[in-house]
Amino acid sequence: MASRMVHAANPICETMKKYIIQFAHQHLDFRIPEIRSIVSLIGCEASLKECDLVSGSPFMEIKLKNDTDAMRIMKRSVLSKRVYELWAEGTSVKEVKDKIDSLPSEVTEEYTNNGKSFRIIVETFNKKISSAEKIKKIELLTESASVFQAKINLRTPDVSFHLLEFYENDSKPSEEPLKVFFGRWVADGQRDAIQQYHLQKRHFIANTSMDACLSMVMANLAQVKHDDFVMDPFVGSGSLLVSSAHYGAYVMGTDIDYLLLHARAKPSRACQKTRASDESVRQNLQQYGLESRYIDVMVADASRHRVWRKGCRFDAIITDPPYGIRESAAKIATVDESQVKEVEGAPHYPQKAQYNIGDIYKDLLNFAAKFLELGGRLVYWLPIFRPEYQESNIPQHPCLRLESNCEQPLNLSISRRLITMVKDKEFEEIHNSEGASIAVDQYEKESFRQKYFKAVVAAGSAEKQSS
Ligand SMILES: C[S@@+](CC[C@H](N)C(=O)[O-])C[C@H]1O[C@@H](n2cnc3c(N)ncnc32)[C@H](O)[C@@H]1O
């Protein structure tokens with residue numbers, strides 16, 4: 001497996017061009033970390049203007065060297081819709097038109113001459129306008145402009161320009177846009193992949209299968225690349241292996257649930273009475289033509305690391321541990337072996353014990369510290385009781401540096417956070433340390449399950465009172 005270099009940011013050079021990314025209105029907190037992670041994975045120079053997103057705008061300016069880098073970023077991003085080369089911005093179409101008129105020919109010539117055809121698409125955000133109004137805007141933009149003298153081709157143009165207007169998100173939209181951008185379309189993001197891998201069409205799903213979009217975001221945050229070796233210790237139906245294999249990684253996982261991995265668990269689809277005998281993680285990879293990337297899944301307890309040989313190294317560990325709500329969090333109980341009576345020929349079912357959330361995460365970080373490549377990434381979900389959340393709830397390990405922490409709110413009191421950590425120290429270097437710790441464990445006195453159901457009951461009684 002290729003060893004991983006930690007990318008050092010280069011100073012931004014003078015010749016950078018301005019681009020604008022248009023994001024989908026989904027998983028807002030994850031958009032910048034996804035782009036940052038992709039930029040560092042492909043190793044291009046980039047400067048992001050993060051403040052752009054504060055007003056709720058779907059646009060973010062990014063400076064890049066050229067179209068090739070913009071295309072490479074879009075080839076990975078699932079949260080981006082498109083990227084444009086930014087030609088002009090302002091607060092009105094008139095202002096934008098004046099700026100386009102004064103652009104130097106080095107910027108425009110290649111796209112507006114040499115017999116190239118073009119079209120202009122008008123899109124508005126937070127306000128609907130009629131086709132007639134859109135045409136008016138195009139006429140205003142193109143009248144007397146030397147830039148737009150080429151042939152118009154609405155269906156298959158050589159160049160697509162986009163006029164993008166962003167209005168304030170108020171109950172009564174204002175007449176004037178907050179911001180207007182004019183850009184040359186460069187590339188689309190990977191939104192189509194979300195449909196391609198949609199769970200509705202997935203052969204084998206479990207109760208908590210991760211949706212296609214978030215699975216791909218996780219693979220991007222983990223910087224999964226071709227020929228990487230990726231592991232999910234709480235594999236379930238293998239959604240995170242599917243997205244990692246999509247990016248070319250070899251994948252494997254473990255799960256304590258024998259029945260689930262052997263297609264004997266209760267079906268997760270309401271319309272299904274029994275599981276088909278071929279419902280398996282392997283079959284999911286085969287469904288997408290990714291079977292060559294499948295290593296295997298094993299029935300194993302993630303709290304026990306002894307099954308792993310010393311020297312075994314993963315490029316990334318991507319996982320969604322059990323929160324104890326829709327699937328149980330159990331581990332093999334420690335028992336006195338001398339007390340276990342073996343009956344010859346009879347199967348042995350090990351006793352299970354409750355697996356506390358704090359222990360799950362400490363075990364996970366200790367596992368990552370030992371078995372990740374240096375520079376490799378651990379990406380995992382952490383359930384959060386929002387009223388009590390503080391940064392000291394995030395598990396830590398002396399070998400692992402926190403890279404990003406994004407929140408997905410599930411309701412007012414409950415969310416989950418997607419944590420990305422990078423291994424920047426070898427496990428052997430810290431032999432005197434105690435390993436993973438959680439400075440303030442939210443679930444030390446009351447489990448996440450107890451907090452979750454208390455919040456559900458409180459929300460229910462508040463609703464009753466207000467109705
Ligand atoms: C949230 S689910 C993972 C879902 C998975 N990402 C998917 O897309 O299907 C958590 C999984 O952890 C498994 N699990 C619970 N305790 C475990 C343990 N001690 N060791 C390994 N797996 C465990 C459960 O059986 C469950 O399948």
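My entries below go from the rings to the charges over rings and then to the ligand.

**Entry 1: aromatic pairs.** I noted that this is a predicted model. I looked up the aromatic pairs and found a count of 22. I picked Trp87 and Phe161 to look at in detail. Their ring centres are 5.0 Å apart and their planes stand at 55 degrees, so I wrote the pair down as tilted. An angle over 60 degrees would have made a pair edge-to-face.

**Entry 2: where that pair sits.** I placed Trp87 in strand β4, residues 80–90, and Phe161 in strand β6, residues 159–166. The two parts are 74 residues apart in sequence, so the pair ties them together. Are the two residues buried or exposed? Trp87 has a relative accessible area of 6%, so I call Trp87 buried. Phe161 is at 0%, and Phe161 counts as buried too.

**Entry 3: a second pair.** I turned to Tyr323 and Phe448, which form an edge-to-face pair. Their centres are 6.2 Å apart, with 90 degrees between the planes. Tyr323 lies in the loop between β11 (314–319) and β12 (330–332). Phe448 belongs to helix α12, residues 448–466. This pair ties together parts 125 residues apart in sequence. I checked burial here as well: both Tyr323 and Phe448 are buried.

**Entry 4: charges over rings.** I found the charged end of Arg293 over the ring of Tyr250, 4.3 Å from the ring centre. I also found the charged end of Arg416 over the ring of Trp381, at 4.2 Å from its centre.

**Entry 5: around the ligand.** How many residues surround the ligand? I read 25, and the closest are Ser237, Ser239, Asp255, Ala302 and Ala330. I sorted this shell by type: 12 nonpolar, seven polar and six charged.

**Entry 6: polar atoms at the ligand.** The side chain of Ser239 has an N or O atom 2.6 Å from an oxygen atom of the ligand. For Asp301, a polar side-chain atom lies 2.9 Å from a ligand nitrogen atom. Ala330 uses its backbone: an N or O atom there is 2.7 Å from a nitrogen atom of the ligand. Last, I looked up the cover. On its own the ligand has 600 Å² of accessible area, and the protein covers 97% of that.

Notes. Residues are numbered from 1 along each chain as its sequence is written. This is a predicted model: local features need pLDDT of at least 70, side-chain atom pairs count only at pLDDT 80 or more; totals for chains, interfaces and linings use all residues. Side-chain values use heavy atoms; hydrogens and water are left out. Rings of Phe, Tyr and Trp (its six-membered ring) pair if their centres lie within 6.5 Å; planes under 30 degrees apart count as stacked, over 60 as edge-to-face and the rest as tilted. Helices (H or I, at least four residues) and strands (E, at least two) are DSSP runs, numbered from the N terminus. Buried means under 20% relative accessible area, exposed over 50%, partly exposed in between (1.4 Å probe, protein chains only). A charge sits over a ring if NZ of Lys or CZ of Arg is within 6 Å of the ring centre and within 35 degrees of the ring normal. A residue is near a molecule or strand if one of its heavy atoms lies within 4 Å of it. A polar contact is a pair of N or O atoms within 3.5 Å; within protein, one must be able to donate a hydrogen and the other to accept it, and residues adjacent in sequence count only if both atoms are side-chain atoms. Accessible areas come from the Shrake-Rupley method with a 1.4 Å probe; for residues, only the protein chains shown count as cover. Ala, Val, Leu, Ile, Met, Phe, Trp, Tyr, Cys and Pro count as nonpolar, Asp, Glu, Lys and Arg as charged, and the others, Gly among them, as polar.
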